[in-house]
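Hi,

Here is the structure I said I'd pass on.

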Amino acid sequence: MDHTNTSCSPSCSAPLQDVEGQSLSPAARAKVDRICKACQDGPDIEALLQLAISEHGLVYDEARRKAWPILLGYRLTGESPLGYNADWHDLPRHKDEDQVRLDVDRSFIYYPKSWYYSIRQDRLYRLVDVTVDETDRQLDRRKEELSSVITQVLRSHPMLSYFQGFHDIVQVFLLVLGADEAPAAVSHLSLLRIRDFMLPSLSASLAHLRLLPSILHAADPNLCHHLSQTQPFFALAATICLYAHDIEEYGDIARLFDFLLAHSAVVSLYFFAVIVLSRREELFDIPADEPEMLHSVLSKLPKPLDLEALISETTSLYAKFPPESLPFRAWAKISPFSVLKTTRGSFRQQTLNDGVELFEKQVAQLHREQMLEQVRATFWKYRRPTRRVGLAIFIGVMAFWLRRNGFETFAGSAFQQLWGYFRIIGRQ
């Protein structure tokens with residue numbers, strides 16, 4: 001059975017039924033009606049955000065097909081949803097397409113082969129979990145659609161770098177929105193919400209992880225200290241793919257995406273922090289001087305996840321300790337061009353062109369930071385007084401190169417700082 005709606009203009013007016021033909025409960029039906037009302041022309045963004053965050057999220061894929069584009073912002077801007085008009089098949093091949101094909105061949109492990117409908121027997125739902133098996137032919141067709149969506153996005157925005165885990169994210173959008181609508185959604189997601197993961201290097205992605213200890217310290221200083229010998233790289237695999245590789249149930253990952261799309265990008269880190277906090281007793285049972293063991297435990301999400309409880313606790317943690325209040329000046333160290341900061345506030349008015357411009361600024365900043373590291377290394381090499389003449393020549397050459405390549409502002413401030421640094425170490 002194929003549950004993917006490929007319509008570009010889905011409607012919430014269709015009867016809302018589960019795969020066995022049973023209607024949703026009156027409470028679910030009423031909530032979906034509120035979602036659809038909020039999605040009408042001149043959408044009520046605040047109402048839609050609250051509905052997406054609230055218990056059980058957007059309830060049903062028919063509602064998500066209306067709501068997710070609005071949460072991503074592209075139905076609000078009036079721009080071309082894909083940011084280009086050419087047939088993507090005619091666009092130049094992207095450098096990462098071979099890796100895309102390898103990852104697509106390994107896709108759809110959990111869903112829709114085991115299509116899980118998160119339909120609970122409570123006041124909102126009165127249906128049961130349903131598994132839908134697909135034939136090999138149907139799965140092959142889905143893989144072709146997934147490959148086409150990813151390739152379309154990468155060819156139309158060739159500056160983006162593919163990362164392993166991107167296909168996990170895209171397959172969720174494909175299943176919810178359909179093959180026609182997914183490319184527009186994924187384009188906006190890539191440039192405006194997960195841009196940091198698609199830069200030429202991992203530097204910006206790793207900067208995300210450096211926020212995690214600050215969040216943990218704010219919430220639980222003792223636990224943070226216990227984990228202080230363990231680098232936060234354990235959070236990379238889950239956060240970089242928005243948990244789509246780790247959460248096996250289709251209904252759960254769609255529900256989590258409701259929550260994440262309704263928030264700024266930084267909330268994904270708060271969600272991971274809440275998962276860590278929920279494992280407090282387990283983590284304290286592991287000695288602090290065994291960072292390898294702690295890393296191994298933390299790099300795997302616990303199963304099963306009490307998703308609604310985690311979402312509720314994430315909302316509370318985020319409200320209690322917003323990014324600007326985090327200790328160690330952690331938030332101040334985040335680039336102003338990072339999605340962590342550019343998705344704060346009225347980011348849903350941003351366009352794909354805004355995303356491209358921010359991407360270019362981030363790349364330029366990364367280049368400057370790499371150059372600064374090289375300069376620092378050279379300063380250390382020439383730290384002895386007898387080498388000052390060679391260092392002075394190096395400074396002159398580097399200043400000329402930076403100005404020639406458009407880094408005038410950086411050249412002045414960086415070398416002023418480094419010259420002071422050199423004067424200190426030169427006395428050693």
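The second largest pocket holds about 260 Å³ of space; bear in mind throughout that this is a predicted model. Its lining is made up of 17 residues, and Arg106, Gly165, His167, Asp168 and His245 are the ones nearest the centre of the pocket. Two helices, α7 (166-177) and α12 (236-240), each put at least two residues into that lining, with α7 giving the largest share, three residues. If you sort the lining of the second largest pocket by class, you get eight nonpolar, six polar and three charged residues.

Next, the largest pocket. Its volume comes out at about 440 Å³, and 22 residues line it. Nearest to the centre of the largest pocket are Ala207, Arg210, Lys333, Ile334 and Ser335. The elements giving two or more residues to this lining are α9 (203-209), α10 (212-219) and α19 (352-381).

How many cavities of 30 Å³ or more does the structure hold? There are three. I looked at the second largest cavity, which has about 140 Å³ of space in it. It has 13 lining residues, and Arg193, Ile194, Leu242, Ala265 and Ser268 sit nearest its centre. Both α13 (250-261) and α14 (267-278) supply at least two residues each to the lining of the second largest cavity. That lining has eight nonpolar residues, four polar ones and one charged one.

The axes of α14 and α17 cross at roughly 115 degrees and come within 9 Å. With 65 to 115 degrees counting as roughly perpendicular, that makes α14 roughly perpendicular to α17. The crossing of these two helices is right-handed. On the α14 side, the contact is made by Val267, Tyr270, Phe271, Ala273, Val274, Ile275, Leu277 and Ser278. From α17 come Leu307, Leu310, Ile311, Glu313, Thr314, Leu317 and Tyr318. By class, the residues in the contact of α14 with α17 are 12 nonpolar, two polar and one charged.

The other pair I noted is α6 (residues 136-156) with α8 (residues 182-192): their axes lie 9 Å apart and the packing angle is about 50 degrees. That angle makes α6 oblique to α8. The crossing of α6 and α8 is right-handed. Val149, Gln152 and Val153 of α6 make the contact with Ala182, Pro183, Val186, Ser187 and Ser190 of α8. Five of the residues in the contact of α6 with α8 are nonpolar and three are polar, with no charged residues.

You'll find Tyr243 in the loop between α12 and α13.

Cheers

Methods:
Residues are numbered from 1 along each chain as its sequence is written. This is a predicted model: local features need pLDDT of at least 70, side-chain atom pairs count only at pLDDT 80 or more; totals for chains, interfaces and linings use all residues. Side-chain values use heavy atoms; hydrogens and water are left out. Axes are lines fitted to C-alpha atoms, for helices over the stretch in contact, and angles run from 0 to 180 degrees between N-to-C directions. Helices (H or I, at least four residues) and strands (E, at least two) are DSSP runs, numbered from the N terminus. Angles under 35 degrees count as roughly parallel, over 145 as roughly antiparallel, 65 to 115 as roughly perpendicular and the rest as oblique. A crossing is left-handed if the near helix is turned anticlockwise from the far one by less than a right angle, and right-handed if clockwise. Contact means heavy atoms within 4.5 Å. Ala, Val, Leu, Ile, Met, Phe, Trp, Tyr, Cys and Pro count as nonpolar, Asp, Glu, Lys and Arg as charged, and the others, Gly among them, as polar. On a 1 Å grid over the protein atoms alone, a cavity is a set of points where a 1.4 Å probe fits but cannot get out, and a pocket is an open set with protein on both sides within 12 Å along at least five of seven lines; lining residues have an atom within 4 Å of a point. Grid points are joined across faces, edges and corners, and a volume is the space filled by probe spheres set on the points.
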